[in-house]
Amino acid sequence: MSLTMKTLVNSLSKPVIAMGINGLEDSLDGHPELRQRFERRVFLEDPRVTSRQDVEDMRKLLLAMNQVLPCEPSCDLSSPDMLLRLLLACECRFGSVVNMVRSACELGAAARQTTVSLDNFRAAYREVAPRDKRQDTHNPFLMSRETVEALLSQMQAQRGR
């Protein structure tokens, strides 16, 4: 990948935008011939899921991930319940939802499970939750659906102000 990127950057006379998941910058900086190829770095914020269209996009992504990812029925990525829990856990941030699902998959794979379980999502949340919210009482994957909906509504109302 690094050699292809070097060839591409050298052959174009226009600016190149490199976008990717966490670790892309380390990959580019880790290769001696790519290290100094980018003049400026801009870090974009993780987009928030705020509109109906954003929720539909998130739902489509989770449906696609659900087709590839074997999940137990209790944490089916295509379910509205799981969408709400993921949005609350990730404070309505699109990329954070993707990272949390990936982390849950990694935890399941590390435990040699054939399917990803709700326990994997609970553990993935504890890994990224603020220090004061790592207890089970704050874990969206342990709360009732009514509580999740109420907290999500409260979060959206605060953001709307």
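A residue is called buried when its relative accessible area is under 20%, exposed when that area is over 50%, and partly exposed in between (1.4 Å probe, protein chains only). The views below show a predicted model, where local features need pLDDT of at least 70 and side-chain atom pairs count only at pLDDT 80 or more, while totals for chains, interfaces and linings use all residues. Numbering starts from 1 along each chain as its sequence is written, and side-chain values use heavy atoms, leaving out hydrogens and water.

**View 1. Seven helices make up the pattern of the protein chain.**
Welcome to the overall layout. The protein chain has seven helices and zero strands (DSSP runs numbered from the N terminus: H or I of at least four residues for helices, E of at least two for strands). Following the sequence, you will read α-α-α-α-α-α-α. Of the 161 residues in the protein chain, 30% are buried. Look also at the contacts (heavy atoms within 4.5 Å): among those between residues at least 6 apart in sequence, 58% join residues at least 24 apart.

**View 2. The largest nonpolar core holds 32 residues.**
Such a core is a set of buried Ala, Val, Leu, Ile, Met, Phe, Trp, Tyr and Cys residues joined through side-chain atoms within 4.5 Å. Here, Leu62, Leu77, Leu86, Phe121 and Phe141 touch the most other members. Two or more residues of this core come from each of α3 (52–68), α4, α5, α6 and α7. The largest share belongs to α4, with seven residues.

**View 3. Phenylalanine 141 touches residues that include Leu86 and Phe121.**

**View 4. Helix α6 has buried residues that are covered by elements including α4 and α5.**
Along α6 you can pick out Leu118, Asn120, Phe121, Arg122, Ala124 and Tyr125 as buried. Helices α4 and α5 are among the elements covering these buried residues of α6.

**View 5. Asparagine 139 is a buried loop residue.**
Asparagine 139 sits in the loop between α6 and α7. With a relative accessibility of 1%, asparagine 139 counts as buried. Which residues is asparagine 139 in contact with, leaving aside its neighbours within four places in sequence? They are Arg122, Tyr125 and Arg126.

**View 6. Glutamate 45 is an exposed loop residue.**
You will find glutamate 45 in the loop between α2 (24–30) and α3. Its relative accessibility is 74%, so glutamate 45 counts as exposed. Now find arginine 93: it is 48 residues from glutamate 45 in sequence, and the two are 9.3 Å apart in space, C-alpha to C-alpha.

**View 7. The whole structure has zero disulfides.**
A disulfide here would be a pair of cysteine sulfur atoms within 2.5 Å. Cysteine 92 is buried, at a relative accessible area of 1%. Cysteine 105 is partly exposed, at 22% relative accessibility. The closest cysteine sulfur to that of cysteine 105 is in cysteine 71, 6.1 Å away, and so too far for a bond.
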